[in-house]
Structure formats: structure tokens, C-alpha cells
Amino acid sequence: MSDTTTLPRRPSVRRLPLKAALRLNHPSDTWFKPALSVVVASLVPNLLLFAVDRLDLVMYTMAGSLCALYGHALPYARRAGTVARVVVGMTAGLAVSLVAGSLTHSTAILIAVGALLAAVQKALCDASRIGPPAHVIFTFVTSAALFAPQHIGQVPGHLALTLAAGAFSWCVTAAPALLRREGPERRATARALDAAAACVADPGPRTRGAAAAAVHGAWQSLLASGRATPTRRALERLVVHAEAALAESSPTGHRAAADPAQLREWAALTRARGPVPMPPAAPGTTAELYGIDAERAGRRVRAKRGELLRRLGPGSHMLPIAVRTLIGCALAGYACQALGVGRPYWAIVTAASLYQANVTLSWNRALQRTLGNLLGVLVFAAVLPLSRMSPLLLILCVLCFNFAAEALITRNYWLGSVAVTPMALLVIEFGGAHPAGELVGDRVVDTVVGAAVGFLAAVLVTNRRATGRVERALEATECARAHAVRVLADDTADPASLDASRRGLTASLVELREAGDTAAGEWWQRALPEEDLLAAERAGHRTLAATAQRQGLISLAPENGAV
């Protein structure tokens, strides 16, 4: 099918999928990293508390231990700072919850505080692009802490436990750097090679967009990794090959010369523990790496100040999602309170977990969360007698479900929720045994009400800024393309300028595709300029190919008007 195929105009209300939302996917290539990290980060504090007979404090150490779930896709240089900020953010949110819980026992006030915290956590995680599990873990911890009985004098000690466990989590996430310091960059490069191979094998708007995003992600990973090493130099050469393959598959009628099988073989070797493959340098590699060095040096001297505030500015498309979170979490909590649930924190967590980039994705998450939680309640009921036989068995059960949750959640969110639900319920057991029927009943009510009310809020709180984001992305892409064309026309342009213009255009195309996909699943908005989207992507990829040709990355005679 031609790239110029025009999609039909979409209605204001999208069709909501059912089977697709529950379909299992291939597991993530790094699923075992957060799974093992959170087990190790939880095991040591749990055993120490068991040794001093204070397992009732597990909730506070667990808040710090769960910080080990973050940052595994980032280079170690950036991961260290990211996980440190996660620990600080977790401790700050927990402090607000503990102080609020110790100063008032009003369920209505605590629900309001929990909803406000969930909205702030959602906004900050989206703006900082912290990635999975994003705001859900923060909301889970802070919402549960709101309803934990304690007095104000205990708060400093509990926060100290969280900080100590968080510091240990930081060590756990940073420790692999001692064994394989370029591991994250290798995986990002392998993804770029695989995506480029898929694009060469089956050229099209979707595969080309995915390949552009993967190549852009690989460059960002290498740029954030610190100083150049021989291994990183080899990875940069491989990304140049992936970028050349992407450029060769541009919509110009030219048949790609890259070999998908060769790209996949390089990807497999790059993921493995052996040496990075050293393919022959692609044409233009020297100029490309010169540009990379210039950009890396520039990053060291110019910090991106105010980036977080810019993304959360008055016109941000993220603000309606935060408002959805605030209203949905509050309504879910109050609805469960009206139904007689004494501590409706799980309704707040359920509602908060639903809010994705658009209504369609939120619907998917509502289905997945409801199914996973209901099945998880059954698993909890089956495991509860075993966990009550011994404190060590309780610790073991929680750790097993922790591992299972991270192992399964990349297959589908509902499958991971089957393990998350019994884990969360078993944590309550550390503070003392509770009637099983009460725990199961409250969790079922919280899940159903939280999912229903939360999705209703997603529908009613509109996000008309989604289309505006597409229009801004279209304008930014056209500006980036025009700049690249001017640089191409300048015979005196140096390699760094060519490289910067191409990388800027790639970033704008990635943002354009993300904005288009997000808006395509949103309700109650203006019709999308779909023809303009397709034309901008086609023109942008042609210009990328022409830029790559100028730098010598590919040998390609572009059509008339290709740029």
C-alpha cells in the first residue's frame, strides 16, 4: 500500500476494543532486570526487620524498595540521578501521607489528599517521562500510607526507614554497572537494529515511524551514557548502519540495499554478553561520529533548564490528564466510602492506574486492571492460609509475587495485576492478620467502583488539547524540515550542522507520530489533520534520506522534490 493512502475521517467517539486489550504480547527483553532488582531490594530489609521482630514496619521499607523498579532502560550515568530523584520523590509523597494520616482520621479529607497526590504524581511522571511503572507505584504507596494508623512522632522514624531502603535500592540498580557498564546502550542499539531490519523488510509509515523512534532512542542513550569508550564507539557505528538502513527505505521508490538478516544478526550479537560486533564502517560514519561528539560536548556545557516546567505549562496537553486523575480518584474514593469501605485507598490506586495518554488506552487499562485484580483476589484467597503459617513464608510469598508481577506485566497489564493484587494484600498481613472475607470483599468493591468511576471521569473530562498538540507537532516538523533543507543547500555546511539538522528532524518526526497516535484515541475533539500528518511524515523521511545521502551514509539518487 502506498504511503499516500488517506485514512478516513474519524468520529468524535472511537470504538472501544475488547479482545485486543487482553491479548498477550511478547515479554520485554529486560523484564528480568526490574524483577530481580525489586526482589533483592526487598529481601534484605525484610530479613533485617524479621531479625528484630518488627515486620509491622515492612510498609515503610517497601516504599524505598519499590524504587528499584525504575530506570532500567537508562544508561547508568543517567540512571543514578533518576533513581535518586525517585527515592526523594517517594519519600516526599510518603511524608505528606503520613503527616496527613496522623493529623486527621477523616476519611473524606484523606481521600481528597490521596487524589491530589495522585494527580501531582501523574503530572510529574508524565512530564519527566520516567517511564513504567511511572506514577502507579507512587500512588500505591502514598494512598496506602494515608490510612495507616500512627501518630506524628513516628513519622521521622518511618521516613528514615524509607530513605534507608531507597538508598539500598539505588545501590541495587547501579550495581550492574560494575559488570557491564554499557549494557543499556547495547540494548538500545539492538532495538534500533531490529527496528531498522523490520522497516527494510516491510517499508511503511508504521514500521518507518517505529524505526525512527528506535534509532532516535539509541542516539539519546549513547549521548546520555557519558564519555566515549571503545564499546560505545562500536555501538555508534552500528546505529549509523541502522540509520542508513532507515534512510534507504525512505518513500522515494528506491529499493533498500540493507540486509535485514544482517541487521538482526548484529542485534543479537549486541544483546549478548560477548564483544560488540565490528561491521565495516558505513559510508559517512566519520562525519556522523564527528557530529555525535559535537553534540555530546554541547550537552556537557548546556543544561536543559526549565524542561519540566515547559511540559507542564498552561497549554500543556498533560494537564487535562492530571485533572482526570484528580477528579477520578476523588470520586472513586468517595463512592467506595459511600458503599461502606472504611479505607478505600485501593479505589484511588485503581482509578489512578487507568489514566493513560487517551481515552482508548484508558479503556484498555480499565479492562486489564479489573480482570487482573479480580483474578488476583482469588489467588490471594488460595495463598493466604500458607502465608499465615510462618513470617518467613509470608516474606517468601510477597517476594514471589513481586517477581511474578514484573515478569508478567510486560506480557499484558492484566496478567501482571494477577500477581500485584495478592502481593498488595499480603503486605497488609505484616501489620497483623485481618479477616479474609473483609479483605477480599473490600478489594473487589474498590476494584469495580474504582475502574468504573475512573473511566467515567476519563470520558467526561475532555482533552481537546490533543489535536492542538498534533498541530504544534506538524508546525515543528515543518520548521525542522525547512532547516534541514537549508543546511542541505549550503555547500559549506560542516558535518556537525548536517548531523544536528538530521537529528532535530528525527526527533520532530518521533514527536509527530506520538502526538498523532495519542490524539487518534482521544474523544470529543476536532477532526485530526490526517492527510497533513501523512504528508509531513513522508516529506520528513525523504529529507532525512537526502541528508543521509549528503553525509555519505547512503548512495541514493532522490526523486525530484524529494526534500
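Leu331 lies in helix H14, where helices (H or I, at least four residues) are DSSP runs numbered from the N terminus. Leu331 counts as partly exposed because its relative accessibility is 45%; buried means under 20% relative accessible area, exposed over 50%, and partly exposed in between (1.4 Å probe, protein chains only). The model is predicted: local features need pLDDT of at least 70, side-chain atom pairs count only at pLDDT 80 or more, and totals for chains, interfaces and linings use all residues. Residues are numbered from 1 along each chain as its sequence is written, and side-chain values use heavy atoms, with hydrogens and water left out.

**Nonpolar surface patch**
- Leu331 forms a nonpolar patch on the surface together with Leu116, Val120, Leu124, Val323, Leu326 and Ile327, with about 540 Å² of accessible area in total.
- Helix H5 (107-128) and helix H14 (319-338) are the elements that give two or more residues to this patch.
- H14 supplies the largest share, four residues.
- Such nonpolar patches join side chains of Val, Leu, Ile, Met, Phe, Trp or Tyr within 5 Å, from residues with over 30% relative accessible area and no salt bridge (a side-chain nitrogen of Lys or Arg within 4 Å of a carboxyl oxygen of Asp or Glu).
- Accessible areas come from the Shrake-Rupley method with a 1.4 Å probe, and for residues only the protein chains shown count as cover.

**Helix H10**
- Helix H10 (residues 230-248) is mostly covered, with 15 of its 19 residues buried.

**Ser497**
- Ser497 belongs to helix H21 (residues 495-520).
- With a relative accessible area of 33%, Ser497 is partly exposed.
- Val487 is ten residues from Ser497 in sequence, and their C-alpha atoms are 7.3 Å apart in space.

Terms used:
Patches are made of residues with over 30% relative accessible area and no salt bridge: like charges are joined within 9 Å, nonpolar side chains (Val, Leu, Ile, Met, Phe, Trp, Tyr) within 5 Å.
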